[in-house]
Amino acid sequence: MTTSAGRKFRDAVATERPLQLPGVINAYIALMAEDCGFKALYLSGAGVANMSYGLPDLGMTTLDNVLEDVRRITAVTRLPLLVDADTGWGDEHMIARVVQEMTRAGAAGIHLEDQAYPKRCGHRPGKQLVSTDEMSARVKAAVEAKTDPHFVVMARSDALATEGVEGALYRAQSYQDAGADMLFLEAATSLDDYRIFREKLNIPILANLTEFGKTPLVTTTELKEAGVDIALYPLSAARAMNQAALEVLSIIRIEGTQVQALEKMQTRDALYEVLNYHAYEQRLDQGAEQK
């Protein structure tokens, strides 16, 4: 019997504490993350908007936009993929469709947030939240729509920045009661935040370690001590790729040659190794010999 993607994700959370969850913006980065030994992957909504469409992360991409990248990633890797579903792209009926389509696309789970549409980056000012009851209804709709009982419905709360620890904790407990499998605690400012939520909740907690935001970039050892179950690095690889690309493009434009940029580039051999290129080429050669 084939193990579902949702089951694989839950198993990964149970066996690696905290589970390191790297953001992958395309299929190739997913392959590299798998080669590095990661046990699960993440697709960021900002990653889809920024990198696939050249748009800011302000609710400007659709379910179909995200599904396209999900399918590309799940087609090439055995690792389970958690997907950012923003606010769910609509009412409870739409959220049910999101769960069903994500499952068909091979995702292990999604996270839904309690922001109002149009959403903002979780580390930016001006966030507006829906009521606790409305977000609980989102969670309930997602849970009830599962076709795979192991599919993960994670509730993301942005309430720390607007309602403080007490308000965010009340919301988190309500989302847990509504059936959320895990909690994404956005924009925590200290390890003590995680400790407080760990004492009150019975579900795994995710720490978002996005760079240049409100959350300190702590170690996995510190997160484990604070009771965190998942350590998310949503756009770390993408930020590095962007900076390297900018430097290489600038060198080519200024110098008129890429010679000085070669040390910043992945070699052809390294690319082929990740893609298993030579195995494909050998099959082509064998086919040509048989004709």
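Figure 1. Asp229 counts as buried because its relative accessibility is 5% (buried means under 20% relative accessible area, exposed over 50%, partly exposed in between, with a 1.4 Å probe and protein chains only). The model is predicted: local features need pLDDT of at least 70, side-chain atom pairs count only at pLDDT 80 or more, and totals for chains, interfaces and linings use all residues. Residues are numbered from 1 along each chain as its sequence is written, and side-chain values use heavy atoms, with hydrogens and water left out. The side chain of Asp229 meets that of Arg17 in a salt bridge of 3.3 Å, N to O (a side-chain nitrogen of Lys or Arg within 4 Å of a carboxyl oxygen of Asp or Glu). Arg17 lies in the loop between α1 (5-15) and β1 (19-22) and Asp229 in the loop between α9 (220-225) and β8 (230-233), so the pair ties together parts that are 212 residues apart in sequence. Helices (H or I, at least four residues) and strands (E, at least two) are DSSP runs, numbered from the N terminus. Arg17 is partly exposed, at 45% relative accessibility.

Figure 2. Arg104 and Glu101 form a salt bridge of 2.8 Å, N to O. The two residues are three apart in helix α5 (residues 92-104), which means that about one helical turn separates them. Arg104 is exposed, with a relative accessible area of 60%, whereas Glu101 counts as buried at 18%.

**Figure 3. The pair Arg171 and Asp114.** A salt bridge of 3.7 Å, N to O, joins the side chains of Arg171 and Asp114. This pair links distant parts of the chain, 57 residues apart: Arg171 is in helix α7 (residues 160-177), and Asp114 is in the loop between β4 (109-113) and α6 (132-144). Arg171 is buried, with a relative accessible area of 4%, and Asp114 is buried at 0%.

**Figure 4. The lining of the largest cavity.** On a 1 Å grid over the protein atoms alone, a cavity is a set of points where a 1.4 Å probe fits but cannot get out; lining residues have an atom within 4 Å of a point. The lining consists of Ala188, Thr189, Ser190, Leu191, Tyr194, Thr215, Pro216 and Val218.

Notes
On a 1 Å grid over the protein atoms alone, a cavity is a set of points where a 1.4 Å probe fits but cannot get out, and a pocket is an open set with protein on both sides within 12 Å along at least five of seven lines; lining residues have an atom within 4 Å of a point.
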